[in-house]
Amino acid sequence: MQISPTGMPAPEAATLEADILRHLTFSQGKDPEHAALFDWRMAISAALRDRIVGPWFAATRRTWAEDRKRVYYLSMEFLVGRILEDAAINLGLDEVLEEVAGRLGLDLDRIATDEPDAALGNGGLGRLAACYMESMATLGCPGYGYGIRYEHGLFRQRFEGGRQVESPEDWLTTRNPWEFDRPEVAYRIGFRGAAAERDGRVVWDPDETVIATAHDMPVIGWRGRWANTLRLWSAKATDQFDLARFNRGDYAAAAEPEALARTISRVLYPDDTTFSGKELRLKQEYFLTSAALQDILRRFLERHDDLRRLPALVAIQMNDTHPALAGPELIRLLVDEHGMEFFEALEIARRVLAYTNHTLLPEALERWATYLMGTVLPRHMQIIERIDSWHRRTWPARPHWVGIVKHHEVRMGDLAFVMSHRVNGVSALHTDLVKQNLFPELDALHPGRIVNQTNGVTPRRWLRLANPALSGLITDTIGPGWEADADRLEALEPHVADPGFIERFAAAKRDNKIRMSRWLEAQGLAPLNPDAIFDVQVKRIHEYKRQLMNILQTVAQWHAIRQAPSADWVPRVKIFGGKAAPGYHVAKEIVRLINDVGAVINTDPVTRDLLRVVYPANYNVTMAERVIPAADLSEQISTAGKEASGTGNMKFALNGALTIGTLDGANVEIRERVGAENFFLFGLTAAEVAKRRENPRHARDAIEASQSLQDVLQMIAEGRFSPDEPGRYHGLVHNIWHSDYFLVASDFDAYERAQAEVDALFRDPADWMRRAALNTARMGFFSSDRAIRGYMADIWDLEPAIPAPTEAE
């Protein structure tokens, strides 16, 4: 604790301690002798939140006073993770809080661990949104994030007999100390009904309505210099309770309106394999978009009366196609509610809106049946058809197969493109493929509209918070301030030649591996060998991400060890993490195969000291903060041309893991930055993938050329890893032999050779650590601060409200 000359705690520490005790008494109703862990966490959170409110109010007041342009970031996901430690670090109070906790006899790690992860996202899309919100606050970019306050998130994952089982997340079982309820901020959201012309204007009369109510979470930037707002919407019934039905004894029906309304904000990405599931997803997307746009216009009109000035003061960023209804909804509000002429409203909307594309997968570029769109949102279907007709007339060279409404579907990617003044990809390769493969005709019609903004991650959370051992070494070596200026990490590079520095770097990595192993032991798993390669693939389970290829190569390694157990093998721990979508059958089969293979390998007395498979359930931000700093090897092995960017690849390299990967997404730029010699490259390029698929026998040819892969597939097919059900994986094996769209077989041998290169380099620990340190030193470009500066300059046309942090900060 900071000590004053009198030997007493410094004023800052003493005030924080007093505030914690005050909140313990007056917010929690407990004294220190009877307070539970939960009480202490809530009191500490409240004391930190008090310190966030000041800069939050100040930033808001300054934005109003200076009439500054704001950014509104619309996203279905905001994967913010735990807040307590992150807030303490950004406020500059992490060391003070640690000392105060010690003085009070508290274990701060246990208190921080008691905080549930906010279940507001699934994977990279949501975590990117959270990083961008934090960077906007750090840079002084006035902004709001808009999302949905999901009661139960995606789902909580557990394994039973190796199978994924989903249950609801329960993060809101107790009060969220970081949010402020805003019951006065509420908007009516309509669905269904009919749209008809009356007295020369179109009137939409919805059959169903819900109320969107706001909950605000302040997002504090580095050193508390600026704060923005994450506004989350929850759905409530227009009529909460039918007392007449209740009094008649129809209790379930009495509560039905409330239950149906809450369905909209209960679960992220409900299973859409049924019509009702599709309808719910569409309602969720409109619910978010309409609530956000009504709020944006309300805020604008509080100070201004001319909606034609909207583009000068409002920038709306659509994070993927989920908020693509923002275009037609903004037109609806301007035309139907504010009397603007249609084409003037269309032009204003296009100047305000921008769209970030995050996928090249056709199934992820949403398409809604015109019947569904017209049923759920009849007015919007009219507006979408009119937008499409306007675009076709205005650009008569548009090919006949291009359009927003085609083949009885509304193409949300095309809608987002047409309604945006800028469309951006999220890595250099991805942006090129968006132009060449995804929207080539629209790009030709609108040259210059597509720009690149390579993704980034915040070094405050993903290095300073997640990896205190390494961040401490960095500060000792190059001084403070790198957290807000990640380019300064380059100053580490001259120290890589110093054996003493490499020894400390290696010690930090080993400490992280031991720390992660102890955490896994607490989950009931066997201890891990910290001298083994920690080989990690943690991300959403999907065929294109090729967890299947990883586990097939693991089987090949196990088979090779069994054939020559006395050979000079490098010990390896294969660590998996990630969830499969509930309706994605193949992904769930891959999850089960990983667990089945692990059950055999981990109990094999011949191999278990040389090869382990670990798959902890329910991967989330907190697990990532434990796993990523401990990784030696980062698996970024997606089929080339399928991953838009990735951000996990950046976090791993920043924390000193070497990458094994394809030329896909941001891997290309990471390899350019860290050096080809510090990256294990394998596999087909995007162009070679397209060429290979032209051969209908590509899978069979690749398997017949690989004895290793043949052996692996034979073992799986004969039930070596599923003796109770030998045919369990016949479908997976059959797909590899006869289809293999994601080219697992074609890349398998190259992947095995790259893994052999990994083993060879790991036998020289000093050289491995030198290359790992170079990864950390050369990853400053991939800061989300750099990305947000790019958005501000190239898309939002917005200047920061505060100067850049000084080196001392």
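Me: Which residue is the bridge partner of Tyr-355 in β15?
Reply: First, a word on the source: this is a predicted model, where local features need pLDDT of at least 70, side-chain atom pairs count only at pLDDT 80 or more, and totals for chains, interfaces and linings use all residues. Residues are numbered from 1 along each chain as its sequence is written, and side-chain values use heavy atoms, with hydrogens and water left out. Strands here are DSSP runs of E, at least two residues long, and helices are runs of H or I, at least four, both numbered from the N terminus. In β15, Tyr-355 has as its bridge partner Val-423.

Me: How many bridges join strand β11 to strand β15?
Reply: Two strands pair if DSSP finds at least two bridges between them. Strand β11 covers residues 353-356, and strand β15 covers residues 422-425. They run parallel, and the number of bridges is 3.

Me: In β16, what is the bridge partner of Gly-425?
Reply: Strand β16 spans residues 450-452. It pairs with β15 in the parallel sense over 3 bridges. In β16, Gly-425 is partnered by Asn-452.

Me: Is Ala-416 buried or exposed?
Reply: Ala-416 sits in helix α16, residues 412-418. Buried means under 20% relative accessible area, exposed over 50%, and partly exposed in between, with a 1.4 Å probe and protein chains only. The relative accessible area of Ala-416 is 1%, so Ala-416 is buried.

Me: Which residues is Ala-416 in contact with, leaving aside its neighbours within four places in sequence?
Reply: Contact means heavy atoms within 4.5 Å. Neighbours within four places in sequence are left aside. The contacts of Ala-416 are then Met-318, Ala-324 and Tyr-355.

Me: How many Å apart in space are Ala-416 and Tyr-146, C-alpha to C-alpha?
Reply: In sequence, Ala-416 and Tyr-146 are 270 residues apart. In space, their C-alpha to C-alpha distance is 17 Å.

Me: Which residues is Thr-647 in contact with, beyond its neighbours within four places in sequence?
Reply: Thr-647 lies in the loop between β20 (633-636) and α25 (648-654). Its relative accessibility is 7%, so Thr-647 counts as buried. Beyond those neighbours, Thr-647 is in contact with Gly-124, Leu-128, Asn-455, Gly-456 and Val-457.

Me: What is the phi of Asp-320?
Reply: Asp-320 is in the loop between β10 (314-319) and α12 (326-337). Asp-320 is buried, with a relative accessible area of 8%. Asp-320 is not a glycine, yet its phi is positive, at about 80°.

Me: And what is the phi of Asn-618?
Reply: Asn-618 belongs to the loop between β19 (611-614) and α24 (621-627). Asn-618 is buried too, at 9% relative accessible area. Although Asn-618 is not a glycine, its phi is positive, at about 65°.

Me: How many helices and strands does the protein chain have, and why is it called as compact as a globular protein of that length?
Reply: The protein chain has 33 helices and 22 strands. Its radius of gyration is close to the 28 Å that the globule rule gives for 809 residues, so it is as compact as a globular protein of that length. The radius is taken over C-alpha atoms, and the rule is 2.2 Å times the number of residues to the power 0.38. The radius of gyration of the protein chain is 27 Å.
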